[in-house]
Every structure is written in C-alpha cells, then in structure tokens.
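Work through the following exercises with the structure at hand, trying each task before reading its solution.

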Amino acid sequence: MSILRPAPALLALLLGMLPAFAGTPATERGPLQRPGATAEDGTQARVIVKYRSTSGLMQALSATSAATGNRQVRPQHAATLGTRLGLPMQDGRVLGERTQALRGQGLSSSALAAKLRLQDDVEWAVVDERRSIRDIAGGTPNDPLYAANASISPAVGQWYLRAPDAAVSPSTSTTTVVSSINAAAAWLTTPGSASITVAVLDTGVRFDHPDLTAKLWPGYDFVSDSTSAGDGGARDADATDPGDYTITNQCGSGTAASTSSWHGTQTAGLVGAATDNSVGMAGSGRNTMVLPVRVLGKCGGSDSDIIAAMYWSAGIAIPGDTSTPANPHPAKVISMSLGKAGSCPASYTDVFTALAAAKVTVVIAAGNTNGLAVEAPANCSGALAVAGVRHIGSKVGYSSIGPQVTIAAPAGNCVNTTGACLYPILTTINKGTTTPSSNGYSDSTDISVGTSFAAPIVAGTVALMLSVDPTLTPATIAAKIKSTARAFPTSGSSDAAVTACRAPTATEQLECYCTTSTCGAGLLDAGAAVASVVPPAAAPPTTGITVSNSAPTAGQSITVSASNATANGGRSIAGYQWQITSGGAFAAFSGATNAASATLVTSAAGSVVLSLTVTDNAGATGSASSTVSVQAAPVVTPTAAPSSGGGGAMSGAWVALLGVAAFALRRARPV
C-alpha cells in the first residue's frame with residue numbers, strides 16, 4: 001500500500017503549461033508523489049492464502065490441535081506446499097484460523113498465487129500487495145491556529161473545521177467556504193470522550209509532538225520487512241515513526257528519492273490533536289484518544305501487516321498468533337489513509353466482516369488518482385470511503401471517485417500554482433527531511449493536501465458520534481453521516497468549463513461538481529451527524545395526588561399519596577417531595593416528606609394547598625397539586641336544669657322542706 005497521489009508526470013506537464021493563477025481545474029496543486037513498490041519482483045513472491053475448511057491440511061491441523069489440546073495451533077503450511085510445488089517457501093504472518101501469508105523464491109507473487117489457486121486445499125490466494133500513504137497532511141477552542149489570522153500560515157487557519165459559508169479571510173475579503181464540516185457545532189453537543197479510541201494505521205507517529213504527546217496510547221509497530229521498516233523490521237510495541245525517506249531506486253528501478261513524510265503524525269493530529277489547550281491546532285475528535293499503529297515504512301507496507309494490524313487495533317485476537325500481545329486500548333474507529341489501484345482483494349473480506357461484528361468503523365481515503373476509480377481497500381465492502389473536495393465544495397482535482405464513496409470532506413487545495421497555498425489542511429508535522437527534527441505544523445509552504453487528510457477528519461467525527469452513543473454500529477454510523485450530509489454545490493468554480501463529475505473511466509477528470517454517485521451522499525456535516533445521534537428528550541414524569549380525606553375535621557390526620565406516578569422514555573421515578581404551598585396555619589406534615597406518601601395533621605379550619613414534585617433518574621421533574629378543606633371541630637353545649645311546671649320534678653323549695661322534715665323524724669325516734 002502507498003500514499004495516494006496524482007500521476008507526477010501529467011501534473012508537471014499541466015503545471016508547466018499554465019500561468020501562476022489560472023483558476024482552471026488543471027492548476028490544482030496535488031499531493032507530492034511518494035515512491036511505492038513498482039513492478040513485481042520476479043524472484044521474491046509474497047502471497048496471502050486461505051485454506052478450505054474441509055482440506056486435508058486443515059483436517060490434519062485440527063487433528064493435531066485435538067491430540068495436543070492446543071487450540072492455538074496455527075496454519076503454517078509453507079513446507080508442505082513448497083514440496084508439492086517444488087519451490088522454496090517460508091511461512092509468513094498468521095491472519096486467521098485458515099489464513100496465512102506465504103513467501104516464495106524464484107517466481108513473482110502473481111505466479112505463486114496462480115499456482116496456489118490450483119491446489120485443492122486452497123480457497124483463495126492473492127498477492128500480498130504493498131500499499132502506500134494517500135497524501136499529496138464544547139465550543140470554540142482557544143488553539144491559536146484554529147481561527148483565521150493574518151499572522152499565521154495559512155492565514156485561513158483550520159478553515160475546514162469551522163462552519164460552512166463563514167468568512168475565513170483575515171482581510172476585508174468576503175471569501176467564504178462551502179465544504180467546512182462545522183465541527184464547532186458538533187463540539188457544542190459533545191467535546192468527545194477519552195473512552196473512545198481511533199486507531200490510525202499509518203507510518204507511526206512522533207510521540208514528542210507537543211499537540212499529541214498527551215493524546216496518544218502506546219500503539220504497536222507491525223512493519224515486518226526490515227528494508228521498509230527503517231528500524232530493524234521486527235514487530236514491537238514502539239509505534240514511533242523513524243522517517244520513511246528513500247534513496248533513488250530503493251522502491252524499485254526508476255523510483256526517485258524522497259524525504260520523510262511524517263504522514264502518521266499528520267493524520268493523527270487531524271483526529272486528536274490536543275484541543276482548547278492554547279497550543280497549536282484543534283483535532284476534529286477533540287477529546288478522542290489516538291492509537292498509533294505503524295503499518296507503512298519506506299516504499300509503503302504489505303497487506304499482511306495491514307490486515308494483522310486491523311485485527312489488533314480492534315482488540316480481536318487472531319487464532320494461532322501467540323507472538324503479538326493483546327491490545328489494551330481497543331479502537332472503535334480505524335482510520336487508514338493508504339491504498340493502491342485495483343479491486344478489493346479477497347484477503348480483506350474476513351477482516352472487514354470481523355470488524356463489523358465487533359462494531360468497529362473503518363474510515364479509508366478514497367485515493368488520489370485524478371478522478372479515476374476508488375482504490376483498495378477503500379473500495380472494499382464495509383469501508384467508509386472518503387472523497388476529497390475543495391473549499392468551494394467541488395471535487396478537488398486529485399481525488400478518486402466512484403459509487404463506493406460514502407461521504408466527501410475537505411482534502412486541501414491551493415487554487416494558485418505558485419506561491420503560498422491558499423487552502424491547505426493545517427496539521428501536526430515534523431520538520432526533518434530524513435530523520436526527526438523539530439516538531440511543528442504544515443502551512444502554506446510545507447503543504448498537506450490529499451484524501452489522506454479528508455479521511456481522519458471523518459474518523460474524528462465518527463468518534464464524536466460514538467462518544468454520544470457507544471453502541472452505534474458501523475452501518476448506523478454510515479447511514480447517519482449520509483442522511484445528514486449537505487448537498488453538493490453545482491456552481492462556484494472560477495472556471496466556467498467545470499461540469500458534473502462522471503462515473504470513473506480510464507480517463508482522468510480533475511475538478512468537477514460532485515454527484516451522489518461519484519463523491520458519496522454529500523458534504524460532511526459533523527454538527528448535524530453528531531446531533532442525529534442524540535436521542536429526543538424524554539417527556540417529564542407525570543403524577544397525581546390521592547388524599548384519604550379531602551374534608552377532614554380540624555385535629556384529624558390524613559394520608560396523601562402519589563398516584564399514577566410515571567416516568568417516560570425508559571426512565572424510573574427516583575424521588576418525591578411534598579410541600580404545603582398555601583394554608584400552612586391550618587395543617588403541617590408529620591414525618592418524612594420525601595416518600596411516595598406522607599401524613600398531614602390538621603389543626604384548624606381553613607383551606608390547605610398541597611404540592612407534589614416527582615423526579616426521574618435523569619433529573620426531569622413533574623408536579624401535581626391538591627386542595628384539602630379542613631372543617632371546624634363541633635361545639636359541645638352544657639345540659640339545662642329541669643323545670644317545676646306540668647307535674648314535673650319537685651321545686652327547690654319542696655326539696656328543702658322535705659329535708660327539714662327528715663331531720664325532725666330522726667330526732668323523734670326512741671333511743
């Protein structure tokens with residue numbers, strides 16, 4: 001795999017024929033061409049093979065596994081196949097229970113793959129291709145390079161993250177942008193979460209960059225080819241980018257020398273540069289963490305290394321591979337800015353299936369083929385492929401196109417052919433030409449442009465969506481990104497000859513107006529995509545009040561209870577609060593007032609108004625009220641003395657007389 005770039009010869013010819021500022025599609029400065037593997041080596045074969053489950057080789061492997069009790073016995077059949085074919089062969093990396101890489105000598109990779117396909121044991125065999133990098137790099141953050149400023153370069157700052165159609169020129173110009181992703185609106189919904197990790201499969205990273213050092217997990221180095229690695233070639237836990245510079249002919253006969261790209265540092269910064277720290281730039285994923293995974297070195301990287309890294313990045317163990325330690329920081333998003341022309345190899349089928357099952361979204365740059373077809377693996381089923389657009393929203397000249405593209409995002413463009421680039425993608429970089437030097441940022445002179453840089457911007461947006469809802473599946477994420485995309489513009493180019501993009505053919509097409517069949521569903525709108533994940537607010541809880549006696553007599557106690565208290569949206573009632581809002585002189589609560597029922601003691605006649613507030617477990621509240629009319633206690637009247645009229649009871653005078661007579665009789669008795 002290699003970096004996606006336009007054909008250098010054609011680009012040089014076109015640029016040499018045009019004035020410095022012509023405004024035509026051909027004037028677009030594209031990615032610098034980096035060397036990748038050229039023609040196949042006719043003596044060193046590299047293939048990936050998958051064996052049939054019913055094959056003799058796999059049955060023998062299963063028998064060995066059963067006999068030894070070792071379920072980690074892995075497919076390593078180079079010796080057997082080499083004997084059959086009469087070729088010296090070596091086992092390569094294990095990529096699955098029935099999949100491995102193989103190396104052969106004395107023939108080309110295509111020739112070995114063809115021979116292996118004829119074997120009854122083999123389900124498929126494909127060339128282990130080399131792919132290379134694809135470049136040509138909660139509120140408004142205070143990072144100084146984020147905002148437009150005449151004192152920085154580029155003067156438009158990080159134009160690609162701000163709201164579309166917003167003025168980006170620090171002068172009085174009315175220059176506007178159409179394709180900016182509106183990340184600021186997304187950050188108002190969520191600042192992202194450190195619990196979400198984006199794995200950046202690239203050239204490694206400079207861990208000492210001040211805008212990255214606190215945002216990186218340790219990662220891993222999967223580059224196994226010693227010549228390509230530049231650091232010895234052994235797989236290890238050091239994902240540091242040592243530099244991928246090359247000398248003349250290093251990547252094949254006729255390939256030019258190149259300086260180090262620091263490509264992984266650039267793509268990592270676009271995802272997760274430390275944001276709102278008053279230093280440098282902002283990352284699209286804001287608080288998102290980055291897992292650097294090194295898969296590319298000098299002249300690119302092999303499919304077998306890339307596929308193994310994809311499994312590892314997601315935390316998926318490869319059966320039989322006991323040499324690679326488990327990933328302690330599994331990623332929910334994988335960002336890859338690498339590729340090569342051609343259809344999706346069969347070797348990627350299983351890994352995309354496994355990643356989809358693990359709910360891991362894979363974002364891949366579509367390629368920089370000047371309007372030719374989307375490259376592999378961006379054209380694989382399951383990939384979220386990203387095309388590149390200019391600041392005005394038209395397809396940037398170098399971007400690949402086709403029906404496999406999911407969405408379009410800013411990729412950087414210059415408009416002018418000489419002088420300071422006007423709309424590059426500002427990102428983190430190292431300034432060394434070969435080995436590491438000082439860290440810094442790309443600018444209008446040291447430019448970063450390419451679909452390599454559109455892809456991590458989308459990956460950062462996906463991370464923001466997952467920070468709102470970590471359960472989202474790759475299919476749901478792709479659907480929401482597409483449904484919230486803004487429509488492609490159909491005008492705006494300085495060249496009146498620009499027309500709608502056509503389906504890719506063998507003929508290049510540079511700047512054109514995107515359609516939904518060539519550049520994806522539309523322009524990425526990060527704010528809308530993140531907002532689409534936020535569930536609608538649940539209705540507040542409802543309740544009523546039941547009173548055991550709504551007209552008690554003063555002095556009586558009554559019970560008041562919450563009735564039909566209901567939480568909505570799958571929530572539950574978490575609290576109750578009773579109050580007397582009027583008539584506190586006539587009654588008072590006795591005991592707790594924070595339960596589903598309470599006791600009210602009345603004291604005097606009057607009207608008492610009660611209120612109840614219920615709260616659900618999300619903090620939403622609902623209320624109800626009820627009036628209790630306290631009645632006065634009945635008055636007790638004393639009983640009246642009996643009267644003398646009507647032959648009734650004796651009067652007081654008669655009572656007195658009878659008393660005197662009784663006394664006299666007692667004294668007259670004999671003793």
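**Exercise 1.** Determine which residues valine 389 touches, not counting residues up to four places away in sequence.

*Solution.* Taking contact to mean heavy atoms within 4.5 Å, valine 389 touches Ser179, Ser394, Lys395, Val396, Ala408, Ala409, Pro410, Ala411, Gly412, Cys514 and Leu523. The residue itself lies in strand β13, where strands (E, at least two residues) and helices (H or I, at least four) are DSSP runs numbered from the N terminus. Valine 389 counts as buried because its relative accessibility is 0%; buried stands for under 20% relative accessible area, exposed for over 50% and partly exposed for what lies in between, with a 1.4 Å probe and protein chains only.

The model is predicted, so local features need pLDDT of at least 70 and side-chain atom pairs count only at pLDDT 80 or more, whereas totals for chains, interfaces and linings use all residues. Residues are numbered from 1 along each chain as its sequence is written, and side-chain values use heavy atoms, with hydrogens and water left out.

**Exercise 2.** Find the buried residues of helix α11 and explain why they lie on the same side of α11.

*Solution.* In α11, which spans residues 474-483, the buried residues are Pro474, Ile477, Ala478 and Ile481. They lie on the same side of α11 because they cover an arc of only 95° around the axis, the arc being that of the directions from the helix axis to the C-beta atoms. On the other side of α11, Ala475 and Ser483 are exposed.

**Exercise 3.** Describe how the axes of helix α8 and α9 cross, and which residues make the contact.

*Solution.* The axes of α8 (residues 303-313) and α9 come within 10 Å and cross at roughly 10°; axes are lines fitted to C-alpha atoms, for helices over the stretch in contact, and angles run from 0 to 180 degrees between N-to-C directions. This crossing makes α8 roughly parallel to α9, given that angles under 35 degrees count as roughly parallel, over 145 as roughly antiparallel, 65 to 115 as roughly perpendicular and the rest as oblique. From α8 the contact involves Ile307, Met310 and Tyr311, and from α9 it involves Asp350, Val351, Phe352, Ala354 and Leu355.

**Exercise 4.** State how many disulfides a search of the whole structure finds, and work out the handedness of the link of cysteine 344 and cysteine 380.

*Solution.* With a disulfide taken as a pair of cysteine sulfur atoms within 2.5 Å, the search finds 5 disulfides. In one of them, cysteine 344 and cysteine 380 have their sulfur atoms 2.0 Å apart. The torsion about their S-S bond is about 95°, so this disulfide is right-handed. Cysteine 344 lies in the loop between β11 (338-339) and α9 and cysteine 380 in the loop between β12 and β13, so the pair ties together parts that are 36 residues apart in sequence. Cysteine 344 is partly exposed, with a relative accessible area of 28%, whereas cysteine 380 is buried at 4%.
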